[in-house]
Amino acid sequence: MSAGVSISSMSKYAILGCGSVGHAVAEELVEQGKDVLIVDRDEGRVEALRDQDLNAQTADIRDEAVAEEVANCDVVLIMASDIESNKAAVQNIREQGGEQFVVVRASDPVSGDELTEMGADVVINPSSVIADAAMRSLESGELEYKANQLAEVLTDTKERVAILTHDSPDPDSIASAAALQAIAEHLGVEADICYLGDIGHQENRAFVNLLGIELLNWADIEEKEVYDTMALVDHAKSGDSLDISVDVIIDHYEPEEDLDAAFLDVRPNMSSTSTIMTKYIQEFDMKVDEAVATALLYGIREETLDFKRDTTPADLTAAAYLYPFANHDLLEQVESPSMSPETLDVLAEAIQNREVQGSHLVSNAGFIRDREALAQAAQHLLNLEGITTTAVFGIADDTIFLAARSKDIRMNIGKVLADAYGDIGEAAGHSTQASAEISLGIFTGIETNDENRDTLLQLTEEAVKRKLFQAMGVESGESGNGS
């Protein structure tokens, strides 16, 4: 088949072997206005096809004469249930130097490989096709069922829905919450997006501000009783424990604690919660808002490192759906925010104080004002040549804050931090990013003041690095700074 010729432009087709599969294909092609020649050895079947005004001939598809008959066809579909006959037909066509596009029916993977080696362009295994169709139908039916369940829980709301993100929410958490809020509004239910902690990362602040997403700090809400429906969206990886009754949980991570929710949709096979929420927006047949579409697309891209990490077909189809509705100028602004002076200071300190063991880097950023700058520094340092895992820590308010990032597929950085500090502080995260908080007194037993700051910093640095490198499986010692 010549390059540049598409299947849609072809008009002359031959179907060799016309059982139920071939018959269905023939009817579809004729309906599309294609010229179809059918060859089958069963005379009765051929007569029946002719009665339907189809162009059918009686012949054994293994005969070389059949290959000559279909030489002027653009596409040959060999659909007989007898695989040996199909092999003979392919062989005859290719031995005559035919350049037709050949589609052949196989019975199993072995016969499929054989047919490919003989020159078939496409090999179809009916059992696999049926299985794929069944799975697609199952997924579609399951999504419809779950969407109805979600709608039922949301519409039971008497006053308002509170949609809680995780502590210091990232784009995936914020975007997923915005999507659930849009779904609630589509169903005539009022909902607020609430967050825990701070929105400190400058990229996340730009994300919220540019898209005009309104978020409420959960700690600042005095009348929490106004919310009679509680939803946790992309909340599991935070590790936060909430003393509330939860009605809705949607996440792509399994919750660390058992929560009894009326609606639960947790899909570890998805790379982002934004992907899950995009599927719901499609199922509800909503007109997706530009800000929500932009947020969801950015959430998917962030979680998959712009489709370079743990990307699934579902992520790609969700992104393709969102792409025409998103504001790409805003996306570019979100992705390139200006760096704050505090972040620049923390990054400079982290670069200066870095210790490298193998491909692992740990650094002390000193006394800090903005804990979110640690995460940005850890992410920037991950770009250093030969580095696969980074951890940056600093001290603020008598607490050691640590942020870690990893692109090492052999390591779960969330588990590493839990092993290192779980018994003396709080650690949360997953395979690629994590954070920890430890009381300064755990390491020193000394109250912080202006006179002992440097001493405390030195004691903390040695203890934090030693425990972290041990948890990573390497020993801290006299090492270079990676320069």
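The model is predicted, so local features need pLDDT of at least 70, side-chain atom pairs count only at pLDDT 80 or more, and totals for chains, interfaces and linings use all residues. Residues are numbered from 1 along each chain as its sequence is written, and side-chain values use heavy atoms, with hydrogens and water left out.

**Confidence**

- Confidence is highest in helix H9, at 95, and lowest in helix H16 (residues 440-444), at a mean of 66.
- Helices (H or I, at least four residues) and strands (E, at least two) are DSSP runs, numbered from the N terminus.
- Over residues 1-9, pLDDT stays under 50.
- For residues 1-9 the model has eight contacts beyond four places in sequence; contact means heavy atoms within 4.5 Å.
- Where pLDDT is low, the predicted coordinates should not be read in detail.

- Six of the six residues of strand E8 (residues 191-196) are buried, so E8 is largely enclosed by the rest of the structure.
- Buried means under 20% relative accessible area, exposed over 50%, and partly exposed in between (1.4 Å probe, protein chains only).
- Ala191, Ile193 and Tyr195 point one way from E8, while Asp192, Cys194 and Leu196 point the other way.
- In a regular strand the side chains alternate between the two faces of the sheet.
- Strand E7 (residues 160-167) runs parallel to E8, and five bridges join them.
- Two strands pair if DSSP finds at least two bridges between them.
- Isoleucine 163 stands opposite isoleucine 193 in E8.
- E8 also pairs with strand E9 (residues 215-217), in the parallel sense, over three bridges.
- Here isoleucine 193 stands opposite leucine 215 in E9.
- E7, helix H7 (residues 171-186) and E8 make a right-handed β-α-β unit.
- Right-handed means that, with the strands pointing away from the viewer, the path from the first strand over the helix to the second runs clockwise.

**Threonine 165**

- Threonine 165 sits in strand E7.
- Its relative accessible area is 0%, so threonine 165 is buried.
- Beyond four places in sequence, threonine 165 touches residues including Ile193, Cys194, Tyr195 and Leu196.

**The six-strand sheet**

- Six strands form an open sheet in the order E13-E14-E15-E16-E18-E17, with mixed pairing.
- Strand E13 (355-357) and strand E17 (425-429) are the edge strands, and each pairs on one side only.
- Neighbouring strands of this sheet are turned by 15° against each other on average, direction ignored.
- E13 and strand E14 (residues 360-367) run antiparallel, joined by three bridges.
- Valine 356 stands opposite leucine 361 in E14.
- Helix H15 (residues 413-421) packs on the sheet, touching strand E15 (389-396), strand E16 (399-406), E17 and strand E18 (433-439).
- The direction of H15 makes about 15° with that of E18; axes are lines fitted to C-alpha atoms, for helices over the stretch in contact, and angles run from 0 to 180 degrees between N-to-C directions.

**Nonpolar cores**

- A nonpolar core is a set of buried Ala, Val, Leu, Ile, Met, Phe, Trp, Tyr and Cys residues joined through side-chain atoms within 4.5 Å.
- The largest core has 55 residues, and those with the most contacts inside it are Leu150, Leu180, Phe207, Ile213 and Tyr280.
- H7 gives the most to this core, with nine residues.
- Apart from this core lies another, of 23 residues, among them Phe393, Ile395, Tyr421 and Leu468.

- Nine of the eleven residues of H9 (residues 273-283) are buried, so H9 is largely enclosed by the rest of the structure.
- The buried residues of H9 include Thr275, Ile276 and Tyr280.
- Methionine 270 lies in the loop between strand E12 (263-266) and H9.
- Methionine 270 is buried, with a relative accessible area of 10%.
- Beyond four places in sequence, methionine 270 touches His252, Thr275, Ile276 and Ala314.
- Methionine 270 and alanine 314 are 44 residues apart in sequence and 7.3 Å apart in space, C-alpha to C-alpha.

Notes. pLDDT = per-residue confidence, 0-100.
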